[in-house]
Amino acid sequence: MNRIDLDGLRAVITGGAGGLGEAIAARFVASGATVSLWDLDRDAAAAVAARTGATEARAVDVTTAESVDEAMAGTVAALGGLDILVTAAGATGPNLPLEETPPEAWRRNLELNLFGVFLCCRAAVPHLRRSAQGRIVNIASIAGKEGNAGQSSYSAGKAGVIALTKSLGKELADTPIRVNAIAPAVIETPLLAQMPEAMYRAVLARVPLGRPGKGAEVAAMVAWLCSAECSFSTGATFDLSGGRATY
C-alpha cells in the first residue's frame, strides 16, 4: 500500500459501520488521519473503530438535522476541528419495479442517500472553512449516471449526489475546500447482501474487468481525493466501475 499523507487531518466518515466505511477508516488511520465514525448503529461503528484505530464512534441519524448538527458539534469538540467529510451512509433498497415500490420506502431511501448527504455537507462546511485543506468526498454510484432497473429511488438519489457535488464544488471554488464524488459499480461489501442475486449478476455482467471492486480500492481513491495532491479537481465525479463507465 502506498502511503498517502493525511497527517494531522481530522475526518468524519458517515456509514462508518459499513464495508466502505471500514475500508476508508483503515486507510485514513494508516495515512495519519484522526477519524470519527458516524453510524445509526453505534455499537457496530465502535467495533469498526476498534479494528481500524479510529478515534471515536457516534450514533447519528443522517436523515435528521438535529442528529447531524449535534454529532458535528460533538465531533469538532472531540477532534479539535474538522478537515475531511466522507459521506458513505446509504442503502440500495427497495429493489423493486417502480410501480411496485411503496411511496414511503421510496422516500426513505431518497432521504438516506441524498438528503442525508445534504445535511452532513451543510453541517461540515462552516468547520471546513477554517481548515487549510478542507475536503468533502461523497459516495455516489454508477447507478446515478446510468440508472439501474428496479432501483429507481437509489438511482435518483445517487444522481442527486452527483449534482449536489457539482453545485457545492462551484460554491466553494474560491476557498481551499475541494468537493468531489466517486461513482463505484458493484463493490464487495455487506451492502451487496441487499441486492437480489439476479440483479447482482446482471450488474456484474456489465463490468469489463469481470469482478466486483474491493473496499481497499475505493479507500485508496478517497484518500487521494482528501490529500493535498488533489488540488485542481472539484465538483467532479471519479469512476470506480471496472471499466463500465468511461465518462
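**View 1. Contact between helices α3 and α4.** In this predicted model, residues A65, V68, D69, M72 and V76 of α3 meet L119, C120, R122, A123, A124 and H127 of α4, where contact means heavy atoms within 4.5 Å. By class, this contact of α3 with α4 has 8 nonpolar, 1 polar and 2 charged residues; Ala, Val, Leu, Ile, Met, Phe, Trp, Tyr, Cys and Pro count as nonpolar, Asp, Glu, Lys and Arg as charged, and the others, Gly among them, as polar. Helix α3 covers residues 65-79, and its axis and that of α4 come within 9 Å and cross at roughly 30°; axes are lines fitted to C-alpha atoms, for helices over the stretch in contact, with angles running from 0 to 180 degrees between N-to-C directions. The crossing in which α3 passes α4 is right-handed, a term used if the near helix is turned clockwise from the far one by less than a right angle, anticlockwise being left-handed. Helices (H or I, at least four residues) and strands (E, at least two) are DSSP runs, numbered from the N terminus.

Residues are numbered from 1 along each chain as its sequence is written. Because the model is predicted, local features need pLDDT of at least 70 and side-chain atom pairs count only at pLDDT 80 or more, while totals for chains, interfaces and linings use all residues, and side-chain values use heavy atoms, with hydrogens and water left out.

**View 2. Contact between helices α4 and α6.** Helix α4 (residues 103-128) packs against helix α6 (residues 152-171) at an angle of about 20°, the two axes lying 7 Å apart. The two helices are therefore roughly parallel to each other, the term for angles under 35 degrees, whereas over 145 counts as roughly antiparallel, 65 to 115 as roughly perpendicular and the rest as oblique. The crossing of α4 past α6 is right-handed. On the α4 side the contact is formed by W106, N109, L110, N113, L114, V117, F118, C121 and V125, which meet S152, S153, Y154, A156, G157, K158, G160, V161, L164 and L168 of α6. Sorted by class, these residues comprise 12 nonpolar, 6 polar and 1 charged.

**View 3. Contact between helices α1 and α2.** Helix α1 and helix α2 (residues 42-52) pack at an angle of about 35°, with 9 Å between their axes, and their crossing is right-handed. From α1, residues E22, A25, A26 and V29 meet V48, R51 and T52 of α2, a contact with 4 nonpolar, 1 polar and 2 charged residues.

View 4. F28 belongs to helix α1, which spans residues 19-30, and is buried, with a relative accessible area of 0%; buried means under 20% relative accessible area, exposed over 50%, and partly exposed in between, with a 1.4 Å probe and protein chains only. Leaving aside residues up to four places away in sequence, F28 touches L6, A11, I13, A33, V35, I84, V86, V222, A223 and C226. Of F28 and C226, 198 residues apart along the chain, the C-alpha atoms are separated by 9.4 Å.

**View 5. The aromatic pair of W224 and F238.** The count of aromatic pairs comes to 2, where rings of Phe, Tyr and Trp (its six-membered ring) pair if their centres lie within 6.5 Å, and planes under 30 degrees apart count as stacked, over 60 as edge-to-face and the rest as tilted. W224 and F238 form an edge-to-face pair, at 6.3 Å centre to centre and with 70° between the planes. W224 lies in helix α8 (residues 215-225) and F238 in strand β7 (residues 237-240), so the pair ties together parts that are 14 residues apart in sequence. W224 is partly exposed, at a relative accessible area of 31%.

**View 6. The loop between β4 and α4.** P94 is placed in the loop between β4 (84-87) and α4, and the peptide bond from G93 to P94 is cis, with omega near 0°. P97 lies in the loop between β4 and α4 and is partly exposed, with a relative accessible area of 34%; P97 and Q151 are 54 residues apart in sequence, yet 7.2 Å apart in space, C-alpha to C-alpha. T101 is likewise found in the loop between β4 and α4 and counts as buried at 11% relative accessibility. Not counting residues up to four places away in sequence, T101 touches P94, L96 and W106.
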